Each structure stands twice: as C-alpha cells, then as structure tokens.
Amino acid sequence: MNQIFTVEGMTCGHCEKAVTKAIVSLDAQAKVVIDRTHNSVQVDSEKRRETLAQAIVDEGYRVTA
C-alpha cells in the first residue's frame, strides 16, 4: 500500500536516513522515497499508517498529514 506523509523537521541527509531506517526497521520490504523540499515521505508498505507515522515521530520528526 502506497502512503504519503508530510513530515516536518527533515533538514539533511542524516534526517532522511533516520526516517528511512525507522520505517525499514518495521518493514524490511518497505520502499521509502523522501523529498525534503516538499517535506514528503512516500512509503510503500503493508504496515498500518498509524504504525509508520509513530516510527517517524519516535525519531523526533513531526508528521502533519
């Protein structure tokens, strides 16, 4: 299932890696595409949206949509 999150606070490559790692730790098969310019994180995963969003929040970022 393809899901798109709006995430605030990602400012660098390290941020992208942290968000990607958090998602992949829940679903090793997940495909993650991040666009920092638009604060967008696109995730193709079978995990529930709430679970993925919480993983991003746990890394210290704010999920707004």
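Start by selecting Cys 15, Ala 18, Val 19, Ala 22 and Ile 23 in α1, which are buried (under 20% relative accessible area, with exposed meaning over 50% and partly exposed in between, using a 1.4 Å probe and protein chains only). These residues cover an arc of only 125° around the axis, which puts them on the same side of α1; the arc is that of the directions from the helix axis to the C-beta atoms. An α-helix has 3.6 residues a turn, so residues three or four places apart point the same way.

Before you go on, a word on what is loaded: this is a predicted model, in which local features need pLDDT of at least 70 and side-chain atom pairs count only at pLDDT 80 or more, while totals for chains, interfaces and linings use all residues. Residues are numbered from 1 along each chain as its sequence is written, and side-chain values use heavy atoms, leaving out hydrogens and water.

**Stop 1: the rest of α1.** Now turn to the face of α1 that points away from its buried side, where you will find the exposed residues His 14, Lys 17, Lys 21 and Ser 25. Helices (H or I, at least four residues) and strands (E, at least two) are DSSP runs, numbered from the N terminus.

**Stop 2: Asp 27.** Step into the loop between α1 and β2 and select Asp 27. Asp 27 is buried yet has no salt bridge, and the nearest side chain of opposite charge, Lys 47, is 6.5 Å away. For this, Lys and Arg count as positive and Asp and Glu as negative, with His and the chain ends not counted. Beyond its neighbours within four places in sequence, Asp 27 is in contact (heavy atoms within 4.5 Å) with Ser 45, Glu 46 and Lys 47.

**Stop 3: the sheet.** Show the strands: four of them form an open, antiparallel sheet in the order β2-β3-β1-β4. β2 and β4 (62-63) stand at the edges with a single partner strand each, so one side of each has no neighbour in the sheet. Two strands pair if DSSP finds at least two bridges between them; β2 and β3 are joined by five. Look for Asp 35, which stands opposite Ser 40 in β3.

**Stop 4: Gly 9.** Next, select Gly 9 in the loop between β1 (2-8) and α1. Gly 9 is partly exposed, at 47% relative accessible area. Its C-alpha atom is separated by 5.5 Å from that of Tyr 61, 52 residues apart along the chain.

**Stop 5: salt bridges.** How many salt bridges are there to find? The count comes to three, where a salt bridge is a side-chain nitrogen of Lys or Arg within 4 Å of a carboxyl oxygen of Asp or Glu.

- Arg 62 and Glu 8 meet at 3.1 Å, N to O. Arg 62 lies in β4 and Glu 8 in β1, so the pair ties together parts 54 residues apart in sequence.
- Arg 36 pairs with Glu 16, with the closest N and O atoms 2.9 Å apart. Here the loop between β2 and β3 is linked to helix α1.
- Arg 48 and Glu 50 meet at 3.2 Å, N to O. Arg 48 is exposed, at 55% relative accessible area.
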